[in-house]
Amino acid sequence: MDGESLEIVVIIGANPPDRLDKALARDVPEAASLSRSRLAKLIAEGAVRRGDELLTNAKARVAEGDAIAITVEAAIELDALPEDIPLSVVYEDDDLIVIDKPAGMVVHPAPGTPRGTLVNALLHHCGDTLSGIGGAKRPGIVHRIDKDTSGLLVVAKTDRAHHGLAAQFEAHSVERAYQALVYGIPDAGDPRLKGVRGTSFEPGGVLKIQTRLDRHRHERQKQAVFFDRGRHAVTRARVLQSFGTPPQVALMECRLETGRTHQIRVHMAHVGHGLVGDPVYGGRRKPSAAALPKGGAEAIAGFPRQALHAATLGFEHPASKERLTFRSPLPVDFSDLIAALGG
């Protein structure tokens, strides 16, 4: 999941209600469009603070003059025009469309990328049938993947579909499995991993990473792991294949229980296994060229993006209630990299 977030500061007025959620619902600016139920969810997710104090109880008491900071996903004003950009359509009906997004495509317009986005392409492909829930700022978009991540995402074409899909994402009932190439091999027997806070191993060698994620304290475009603030985030990862003798990199399946900004990239970096090609979180780790097939180390060094692909997407169709599951093969650049590693 990618995108920016912003901070809304609410100053509690005179004679506040006796609960945090009620006080925020009364005093939050109308332009923020935050209902009491949405505010309660943000409180539970760890997105509400009073100074350095994390407020996670909707019943917490507040006082007049309190400055309450709420971190929410930022919306941008959409001034997008339809563009005839080819789309890889995996599935489409009257309610929704599933796209296999190429690496390098931004999902929706933002400052610096007003054109060439998935939204521009969808406006041309779907015309005026995209759902407008959430305002014209993100027509039909119920989830996103990073610009340089490839793979599957679903877009709503009707309000009914948008409501139904959004509810499934909020309930964490959508199946999302990614394939990622990471440095090193996460191993349950690694004593170092046992000392990394927020990590554990489940049956089958599945690495579970459970933390909170929030903006980095100093680099505001980055996300970082926290345990006292931010949004609850859970990733499960297992090794599909390792490369090198001794192993230098691993192909992982990463499944999202939650879908936070840059979640897989941040979580894998947190456990010391950053993604190959990730310029933000991947670190400067270099595999041993001698341990890899000829040209393998060079292929890793030259890979121009994070090696992350949204390979599986499953959800209940919001109209028919049928369970739909879609799978996307690795794109050519990713599969070529694996081939260079001997896969």
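## Domains and the domain 2–domain 3 interface

Buried area is the accessible area (1.4 Å probe) that two parts lose on being put together, summed over both. Between domain 2 and domain 3 of this predicted model, that area is about 1000 Å². Carbon and sulfur atoms give 54% of it.

Across the boundary, 14 residues of domain 2 are in contact with 12 residues of domain 3, contact being heavy atoms within 4.5 Å. On the domain 2 side, Asp 146, Asp 148 and Leu 152 lose the most area to domain 3. Together they account for 42% of what that side buries. The interface holds 1 salt bridge, defined as a side-chain nitrogen of Lys or Arg within 4 Å of a carboxyl oxygen of Asp or Glu. Asp 146 and Arg 265 form a salt bridge, at 2.8 Å from N to O.

## Ground rules

Local features need pLDDT of at least 70 and side-chain atom pairs count only at pLDDT 80 or more, while totals for chains, interfaces and linings use all residues. Residues are numbered from 1 along each chain as its sequence is written, and side-chain values use heavy atoms, with hydrogens and water left out.

## Helix α6

Arg 265 is also one of the buried residues of helix α6. Helices (H or I, at least four residues) and strands (E, at least two) are DSSP runs, numbered from the N terminus. Buried means under 20% relative accessible area, exposed over 50%, and partly exposed in between (1.4 Å probe, protein chains only). The buried set is Gln 263, Ile 264, Arg 265, Val 266, His 267 and Met 268.

These buried residues pack against a series of strands: β8 (175–183), β10 (206–215), β11 (223–226), β12 (231–243), β13 (249–256) and β14 (308–316). After α6 comes Gly 272, with a positive phi near 85°.

## Nonpolar cores

A nonpolar core is a set of buried Ala, Val, Leu, Ile, Met, Phe, Trp, Tyr and Cys residues joined through side-chain atoms within 4.5 Å. The largest one has 20 residues. Leu 20, Leu 24, Val 48, Ile 68 and Ile 70 have the most contacts inside it. At least two core residues come from each of β1 (5–11), α1 (20–27), α2 (36–44) and β4 (67–73).

What does Ile 70 touch, leaving aside its neighbours within four places in sequence? Its contacts are Leu 6, Glu 7, Ile 8, Val 10, Leu 24, Leu 39, Leu 42, Ala 47 and Val 48. Another core lies apart from the largest one. This other core has 19 residues, including Val 196, Ala 237, Met 252 and Leu 308.

## Salt bridges

Side chains of opposite charge can pair when their charged atoms come close. The whole structure has 23 salt bridges. Glu 253 takes part in a salt bridge with Arg 238, with the closest N and O atoms 3.0 Å apart. This pair links distant parts of the chain: Glu 253 is in β13 and Arg 238 is in β12, 15 residues apart. Glu 253 also forms a salt bridge with Arg 255, at 3.2 Å between the closest N and O atoms. Glu 253 is buried, at 15% relative accessible area. Arg 238 is partly exposed at 35%, as is Arg 255 at 32%.

Asp 27 and Arg 26 form a salt bridge, their closest N and O atoms being 2.8 Å apart. Asp 27 is partly exposed at 22% relative accessibility. Arg 26 is partly exposed too, at 37%. A network of salt bridges links Glu 7, Arg 49, Asp 214 and Arg 229.

## Hairpin and loop

Strands β5 (residues 89–92) and β6 (residues 96–101) pair in the antiparallel sense over 3 bridges. Pairing requires that DSSP finds at least two bridges between two strands. The two strands form a hairpin with 3 residues between them. Val 89 stands opposite Ile 99 in β6.

Arg 144 sits in the loop between α3 (118–126) and β7 (150–156). Is Arg 144 buried or exposed? Arg 144 is buried, with a relative accessible area of 4%. Its C-alpha atom is 9.4 Å from that of Val 155, 11 residues apart along the chain.
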